[in-house]
Amino acid sequence: MFEEVFKKIKEIIKKTSDIELSNKYDALFVQKLAESNILNENRGDSSKSKQSHIAITQKKAFDIFPKIEIENYVNEEFSIEAMKSFYILRVPMKIYEKNINYSNPTSQIDLKYNNGITISKVSIKYSRPNSPQLELGNTTQSDNSFKEFRKCLYESDFIVILKIKEKIEYDIFIVKKDDSEYFNLNNVVEYMTKRNAKNFVDIDNVLISKDGKRIFAENRLFYGAPGTGKSFNIQNYIRKNGIPDYNHKIDHPNVFRTTLHPESSYHDFVGQIMPVVTKDKGDNDIIKYDFKPQVFTLALERALEKNDEPIFLILEEMSRANVAAVFGDIFQLLDRDEDGRSEYLIDNELIHKHLNEKFNEKGISISKIFIPSNLFIIGTVNTSDQNVFVMDTAFKRRFEFEYLDANYVAKDENENPLNNFVFSIGNMSFSWINFIHNLNDFIVDDQNGLELSEDKQLGQFFIKFSDIESGLSEFSLSSEIETQNNYEVNYNKLKSKLLQYLWNDIRGASYSDKSLFDNKIKSFGELYKKFENKEQVFSNDFLEKFRIEEFENEKQN
């Protein structure tokens, strides 16, 4: 049967591509391509597929390609199937210039040939244990030459893969759907060798790519009340997603950060053409105009250059800018497929020219602009901001939202709360964490509090205190509390930052008959002076929460 099918293949390849096939093969595979098997740019406008590989579901075809069996090779906590995703095989496939020319591609194909042949490194991965399939040529795991090859493939075209005898080497061909009448083959797998034959294969030509942790980037937005630790949580997120030693206080080449504001524009985000003064051959000053890339283009460039490393683009205070105007056509790229790559591609002449100038020496050509699977886009939104731009539903739908609870407590490696300054007001002592938790409860309490929404609450890092002494609590002696290092510096931070927010944003927004401050205080100036003198300024309604808490603690003890 192998000989009969191979004869048909020889005839059609000769007829369509003028290539004479020799008898050097021991297995063959033919598959008609479904729409999900082709690249996004070649699919119909109505397509909803996000698949980034050619799916082979015929189990008989699986034996054409190598597998990694790792039983007893690693700890038992890893399953066989999990390790098949951990290691990605890449095998060499020859692509023929005559066959590409025959396919008559509608877009420019950037392939470099040696004697009419280029050798591509094509990914092979076994997946879906419950419904096995082989993923061939994933766009994020194969080299650029195979991506260029796939540009020539359209729905209902055929691919023909021929395995070279006793080698892990393959030839791959395209047969266009218009020539299928001469072909009359569909989803065929044949082997020349018998089941009991022994075939020794040289492993030198098998390329094993240790994929470590596959990078599936996403768009994520951290939002919450002021001081909830959005930057702290972003730091932890980056550490969990590929940069374990990341410190936001230290510059890192794979992390790009910018803050958006009401005047932020597309040109601030992507880049623009700017005048540049340079010298001509006669050493005279001349002005020319060059594209100056900004944070998005720089992050994209880094992600394409370091495609096996995670890259992070952090956009602080997104709600302070008109994000639809800032992103412009980049908005189209925010939809990602199952591998974290842009589902749709765009034409952007400025970015396209810049990237090709950067990568030309490396033999990489960028034809369309997309967000690769290793570029994370992370945003922050402060829910209490006033006079901000509203994000529309279409934009929000393209982000994963992570809410940060105002009462969440970040701790150090010893499980001690961070930023927990202990201070005294009047004859009462407070720890910062306990103070804001009771304050947050009082803000939203609709029976014995201010009846406000939770976006008025405060987070742990609303004020960042300096050089806090550990071991102190609200139950420590006043003499110990007030003699701690930097006590006056930190107490003045409460006076300058906390009072202003509570007086204007909290007290001014509440219509409850309950009061946060002592009713005798009639002005901010009076409040400021009393607090400076360390007099009690809060109302009995508010302080009652601490007394109840203290009573409950005594009861439990």
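**A helix pair and a kinked helix**

The crossing of α9 and α11 is right-handed, meaning that the near helix is turned clockwise from the far one by less than a right angle. This is a predicted model, in which local features need pLDDT of at least 70, side-chain atom pairs count only at pLDDT 80 or more, and totals for chains, interfaces and linings use all residues. Residues are numbered from 1 along each chain as its sequence is written, and side-chain values use heavy atoms, with hydrogens and water left out.

**The pair α9 and α11**
- The axes (lines fitted to C-alpha atoms over the stretch in contact, with angles from 0 to 180 degrees between N-to-C directions) of α9 (residues 295-305) and α11 (residues 349-359) come within 11 Å and cross at roughly 40°.
- That angle makes α9 oblique to α11, a class for angles that are not under 35 (roughly parallel), over 145 (roughly antiparallel) or 65 to 115 degrees (roughly perpendicular).
- Contact (heavy atoms within 4.5 Å) involves Phe296, Thr297, Leu300, Glu301, Leu304 and Glu305 of α9, and Ile351, His354, Leu355, Lys358 and Phe359 of α11.

**Helix α15**
- Helix α15 (residues 487-506) has a kink of about 30° centred on Leu498; the bend is the angle between axes fitted to the seven residues ending there and the seven starting there.
- Its buried residues (under 20% relative accessible area, 1.4 Å probe, protein chains only) include Tyr491, Leu498 and Trp503.
- Among the elements covering the buried residues of α15 are α13 (432-444) and α16 (524-532).

**The whole chain**
- The chain contains 17 helices and 18 strands, which are DSSP runs (H or I, at least four residues; E, at least two) numbered from the N terminus.
- Buried residues make up 48% of its 557 residues.

Note on methods: Buried means under 20% relative accessible area, exposed over 50%, partly exposed in between (1.4 Å probe, protein chains only).
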